[in-house]
Amino acid sequence: MIHKFLMALGEFYQLRINEYPIEDWIFRKEENMESRIETKCIQEGWKPKRGEPRQLPIYQSTTFKYDTSEEMGQLFDLEAEGYFYTRLQNPTNDAVAEKICALEGGVAAMLTSSGQAANFYAVFNICEAGDHFIASSAIYGGTFNLFGVTMKKMGIECTFVDQDLTEEELGKYFKPNTKAVFGETITNPTVSVLDIEKFARLAHSHGVPLIIDNTFATPINCRPFEWGADIVTHSTTKYMDGHAVGVGGCIVDSGNFDWKSYGDKFPGLTTPDESYHGIIYAEKFGKAAYITKATSQLMRDFGAIQSPQNAFYLNLGLETLHLRMRQHCENALAAARFLEKNEKVAWVNYSGLESNKYHELAEKYMPKGSCGVLSFGLKGGRETAIKFMDSLQLASIVTHVADSKTCLLHPASHTHRQLTDEQLRESGVAPDLIRLSVGVENAEDIIADLKQALEQI
C-alpha cells in the first residue's frame, strides 16, 4: 500500500525474507501464530491499539493532512508511508484488504470498486498492447465480454478455451506473447469446477502466472494458492458481502510468482517506472511488487477504488462468511437433490451431487462444500423456464447472485444476452439454463417454493 502495501509492507516482507526464507517464515507463522480461518474472518484486518475503536472505523475522507511539503513529496515518490488521497488508498479499505489477504493466505491485497475492476486490473497489471492471455470460455459473461471485446480494443488478445481439455490440448493455445492464464474456481453461471492444479502446471511451464477468480468458492471452501494459483480475484459483492448492499472487488497476490525470472515477459515489474523516478517494483518491493504496482499505477490512473463505506459493509459480511457458506452449501445440496428427482426437470448441475461430472474435482478442491449456486434446465425450453421463474414466490428474479436471499435468473435472457448464440454455446450456457442462488432461509421453505412453481408449468 502507500503505507503498508508500498514502502511499509514491501520493507516488512523484505525484512522477513532477509532474516530467513519466506517458506520458513510462513511455516513459523502457521505453527506459532496463525488462527484458523473462522477466527480470521472475525479478527484479521483491523487491530485496534489502546484507546482506539474496537470496530473498524470508516475513514470517510478524500484527503489526509501532513505538516510539511517534503512529507507529502516523499509519499508521491513511494519513499515514505502514509495516505494522501483516497482514490489510491484508504485506511478502512486497507484493513479489509488485509483481512481478505489473510483468508486467502497471500502476501498483499487491494480492494477495487467491483469484481469487474478487480479482474481488469489483475490482467492489465501484467499485459499491455500486443500481449496475449488465455481464459476459460466458461467464465462469467461480463468478464467474457471484458476480455474478448473491451480489452481487444486495447490491443490485448484473449483466447478462450474449453477448461475440460487435456493439458496437451490446452498447451497448443500458448503463444510467445502469452502473459497469463485466467479461470474461475467455480464458473458463473455454469457452475463447472476448474482443475486448478492442471492450469497451474500449464501456466508455470510457460513462465506465466495463473489468475483465479475465487468468488463463488470463497477462501472458506477453497484457497487456490494452495493448489498453485498465483493471483486471486473476488467480486466481494457476492458471498463476501453477503447481503447485496455493497459493490466491490479484491485482488490478492500469493507472492509466489518470480517476476524477475521472467523479466522479458513482464517489463512493467522488472524495468524502471519513469512515472515514479525509475522504481523497479520487483526489486524495491519484493513479494509485494505486483500489488504495489497495481495500486501506484492502475489505481492512480483509473481510480476504481472501493468506497470506504462499502468496505465497512464488506467487513461486516466477512465476519459471518464462514457461517453463511456452510448454510448456503447445505441448502443448495438439498435443493439440487429435490430438482434432480423432479420429472419436469431435464438436468441439474451441482458439483455436490454424486452424479455430477465435477463431483470428484469438487471433493478434491472443496471438500467442505462448493457454493450455494446451481444451474438446471426444465423440459420445454426457454418459455417454460420463464413461466417457472414468474411463478416463484420466495425466490426473487434479480441480476445478483450469492447473497443471503434465494434468487435466480435466466442467463440467456439476462446476464449473457449480449453474447451471440455461438458464444453462448462456447460458454456452456444453454437457452433453458436457470441459475439458482440458494440463500440461507430454511431449506424446506426454499424447496416448497420450487415445488409450487414447478406444478404451474
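Tutor: Contact here means heavy atoms within 4.5 Å. The model is predicted, so local features need pLDDT of at least 70 and side-chain atom pairs count only at pLDDT 80 or more, while totals for chains, interfaces and linings use all residues. Residues are numbered from 1 along each chain as its sequence is written, and side-chain values use heavy atoms, with hydrogens and water left out.

The site is K238, where an unreviewed UniProt entry places the feature "modified residue: N6-(pyridoxal phosphate)lysine"; UniProt positions follow the numbering used here, feature names are shortened, and annotations may be inferred rather than shown by experiment. K238 sits in the loop that runs between β6 (231–235) and β7 (249–253). Strands are DSSP runs of E, at least two residues, and helices are runs of H or I, at least four, numbered from the N terminus. K238 counts as buried because its relative accessibility is 17%, and buried means under 20% (1.4 Å probe, protein chains only). Apart from neighbours within four places in sequence, K238 contacts T215, H400, V401 and A402.

Now the helices. α14 (residues 308–319) and α15 (residues 321–341) have axes that come within 5 Å and cross at roughly 60°. Axes are lines fitted to C-alpha atoms over the stretch in contact, with angles from 0 to 180 degrees between N-to-C directions. The two helices are therefore oblique to each other, the class left after roughly parallel (under 35 degrees), roughly antiparallel (over 145) and roughly perpendicular (65 to 115). G317, L318 and E319 of α14 meet L321, H322 and R324 of α15.

How values were computed: Buried < 20%, exposed > 50% of the residue type's maximum accessible area, 1.4 Å probe, protein only.
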